[in-house]
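This report goes through the entry shown below, from confidence and symmetry down to single residues.

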Number of protein chains: 2
Amino acid sequence: MRDFSDSLQWLSINTATLRVQWPLDRIIQECARRGITTISPWRDQVNAIGLDNAARCLRDNGVRLSGYCRGGMFPAADGPGRQAAIDDTRRAIDEAKVLDAPCLVLVVGGLPGALAGNALHKDIVRARFEVQEGIHAVLQHARDVNMPLAIEPLHPMYAADRACINTLEQALDVCDALEGPLDPSGARCMLGVAVDVYHVWWDPKLEQQIHRAGRGRLLAFHVCDWLLPTRDLLNDRGMMGDGIIDIPRIRGVMESAGYQGHAEVEIFSSADWWRRPGGDVLDICVERFHRVV
Amino acid sequence: MRDFSDSLQWLSINTATLRVQWPLDRIIQECARRGITTISPWRDQVNAIGLDNAARCLRDNGVRLSGYCRGGMFPAADGPGRQAAIDDTRRAIDEAKVLDAPCLVLVVGGLPGALAGNALHKDIVRARFEVQEGIHAVLQHARDVNMPLAIEPLHPMYAADRACINTLEQALDVCDALEGPLDPSGARCMLGVAVDVYHVWWDPKLEQQIHRAGRGRLLAFHVCDWLLPTRDLLNDRGMMGDGIIDIPRIRGVMESAGYQGHAEVEIFSSADWWRRPGGDVLDICVERFHRVV
């Protein structure tokens with residue numbers, strides 16, 4: 001397993017971790033000042049400062065991307081709604097290209113209307129079909145511009161409102177169904193997965209499915225921690241080391257399956273980390289990355 | 001699928017649903033008054049009125065059990081701790097026998113110490129081994145007194161602190177490992193599963209695994225609903241019909257796999273149902289049972 005204890009080469013900061021404190025350009029500058037050369041930005045944060053400005057700011061500061069968040073949210077009330085999600089994801093692919101991201105992360109969506117608190121139906125099987133259709137509809141464009149898509153299985157507690165793909169096994173089944181089985185050469189695929197320890201740490205088939213994914217489909221690795229108790233379903237993620245996820249074990253499995261990319265810190269935390277000064281948060285991310293990732 | 005619209009024969013009330021409003025004897029009386037002849041009590045509620053008193057109260061009111069909650073919580077800090085959990089589950093088996101329950105529900109436990117907020121280690125694989133060892137250690141006693149054990153896979157959001165068995169597939173793997181594969185005659189097994197829609201509704205392999213379980217291993221069926229938004233990880237369950245779980249679909253799968261038992265209403269709800277008068281809650285359980293289960 002790679003030694004992270006004295007280099008920041010493989011640390012990436014997902015910009016949601018600092019979304020409350022700073023705009024994207026400041027995040028980029030503060031990362032660069034600390035020797036963090038990789039981030040993963042969210043679209044709304046990019047749009048807030050403008051795509052070209054974001055690209056320039058990255059270039060000027062020598063900061064690159066480990067991924068771009070996010071496309072998806074495919075299930076919708078009707079055909080025009082589904083088409084809008086497909087079009088929007090195609091635009092996200094183009095933006096990812098402008099920013100030179102190595103992949104676009106897909107959060108695939110759940111029951112239509114559920115995120116607004118009013119699900120239009122209860123048929124999760126149908127939602128899953130619509131997700132497959134949505135990914136299929138954007139895959140050719142991803143191929144055309146050479147932008148891999150990383151399906152992120154979300155924790156089952158988000159199955160209704162955010163993503164009805166909830167295990168690595170299920171995500172990999174979708175990859176295989178749409179792209180055919182993994183290239184035996186281990187070449188990087190156009191369709192793969194983003195493995196976030198928060199979403200998958202509990203999965204009894206985690207190790208097996210990470211190996212199934214292999215180097216070709218392991219496109220991203222996100223870290224944070226599961227707190228005891230967890231007080232909010234969405235925004236109570238912990239800093240690495242403060243919870244019960246055995247992060248080094250999972251990273252070890254990832255690497256033994258061929259993953260050699262970044263560990264991307266993504267913490268949503270309305271009661272704690274979003275309330276601290278951004279510089280403190282970044283410094284602690286660095287310290288924990290060295291010590292407990 | 002059985003018609004529940006004009007009979008209460010297959011309704012059971014899990015007594016946690018009314019734990020704040022009434023002691024167990026009152027719950028039994030109020031159920032009987034409404035023609036509800038089946039409940040599933042929790043041990044602490046039984047102990048609060050005394051085991052013999054509970055048994056007499058059930059008899060006097062013509063109320064029977066669909067299950068008894070609960071044994072398990074096997075992983076512990078040390079050998080004596082694990083032995084205490086095994087001994088306690090054996091006592092639960094004996095109590096279930098006194099109350100003439102058809103099965104004892106097992107909530108298997110998670111990382112030792114996690115429920116108190118201070119996990120002693122992060123090794124969920126080890127916790128899962130300890131769970132298997134714990135079930136193995138009580139299985140012979142269950143056989144001796146003929147009390148089937150129903151492993152309840154809990155939602156993955158409880159993997160750390162309540163149960164590290166989180167999918168039906170995983171629970172059934174444990175059943176097969178400890179008892180051998182399912183009796184092809186479909187005879188009722190000594191080891192099976194409790195299927196609670198709240199815990200499993202999201203599972204992409206739900207239908208497949210319910211059929212795998214079959215009549216022999218489908219020992220209990222619990223209903224409530226998943227609310228949007230869900231405000232608390234433990235105590236924000238919804239009344240059937242108020243959330244997004246397609247309960248009739250899941251009951252249909254259960255019945256097509258051979259299940260012919262009760263639908264047991266189990267609602268933990270600190271902000272809503274535990275604050276309402278017990279009689280109102282029971283009346284609404286009845287109405288929803290007829291209409292949306």
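## Model and conventions

This is a predicted model, in which local features need pLDDT of at least 70 and side-chain atom pairs count only at pLDDT 80 or more, while totals for chains, interfaces and linings use all residues. Residues are numbered from 1 along each chain as its sequence is written, with chains lettered from A and ligands numbered from 1 in the order in which they are written.

For the complex, the predictor gives an ipTM of 0.97 and a pTM of 0.97.

## Symmetry and interface

Chain B is superposed on chain A by a rotation of 180° with 0.0 Å of shift along the axis, at an RMSD of 0.0 Å. That is the relation of a two-fold axis. The same surface serves both copies, since 100% of the contact residues of chain B recur in chain A. The superposition is by least squares on the C-alpha atoms of residues with pLDDT of at least 70 in both copies.

Contact here means that the C-beta atoms of two residues, placed from the backbone, lie within 7 Å. The interface takes 25 residues from chain B and 26 residues from chain A. On the side of chain B that touches chain A, 15 residues are nonpolar, 6 polar and 4 charged. In this classification Ala, Val, Leu, Ile, Met, Phe, Trp, Tyr, Cys and Pro count as nonpolar, Asp, Glu, Lys and Arg as charged, and the others, Gly among them, as polar.

## Sheets

Helices (H or I, at least four residues) and strands (E, at least two) are DSSP runs numbered from the N terminus, and two strands pair if DSSP finds at least two bridges between them. In chain A, 9 strands form an open sheet with parallel pairing, in the order 3-2-1-9-8-7-6-5-4. Its edges are strand 3 (64-65) and strand 4 (68-72) of chain A, each of which pairs on one side only. Strand 4 of chain A is joined in the parallel sense to strand 5 (residues 104-107) of chain A over 4 bridges, and A:Tyr68 has A:Leu104 in strand 5 as its bridge partner.

An open sheet of 9 strands in chain B has the order 3-2-1-9-8-7-6-5-4, again with parallel pairing. Within that sheet, strand 8 (residues 218-223) of chain B has 6 of its 6 residues buried. A residue is buried if 20 or more other C-beta atoms, placed from the backbone, lie within 10 Å of its own, exposed if 12 or fewer, and partly exposed in between. Strand 8 of chain B runs parallel to strand 7 (residues 191-196) of chain B, with 4 bridges between them; B:Val193 is bridged to B:Leu218. Strand 8 of chain B also pairs in the parallel sense with strand 9 (residues 263-265) of chain B over 2 bridges, where B:His222 has B:Glu264 as its partner.

## Core and a buried aspartate

A nonpolar core is a set of buried Ala, Val, Leu, Ile, Met, Phe, Trp, Tyr and Cys residues joined through C-beta atoms within 7 Å. The largest has 191 residues, and A:Leu104, A:Ala150, A:Val193, B:Leu104, B:Ala150 and B:Val193 touch the most other members. Leaving aside neighbours within four places in sequence, the contacts of A:Leu104 include A:Tyr68, A:Ile93, A:Met147 and A:Ala150.

B:Asp196 lies in strand 7 of chain B. B:Asp196 counts as buried because it has 22 C-beta neighbours inside 10 Å. Not counting residues up to four places away in sequence, B:Asp196 touches B:Glu152, B:His222 and B:Glu266.

## Backbone details

Chain A has a cis peptide bond between A:Cys69 and A:Arg70, with omega about 10°; A:Arg70 belongs to strand 4 of chain A. Another cis bond joins A:Leu228 and A:Pro229, with omega about -10°. A:Pro229 sits in the loop between strand 8 (218-223) and helix 9 (247-256) of chain A.

A:Asp100, a residue other than glycine, has a positive phi near 60° and is found in the loop between helix 4 (79-98) and strand 5 of chain A. A:Asp100 is exposed, with 12 other C-beta atoms within 10 Å. B:Met73 also has a positive phi, near 50°, and is located in the loop between strand 4 and helix 4 (79-98) of chain B. B:Met73 counts as buried, with 22 C-beta neighbours inside 10 Å.
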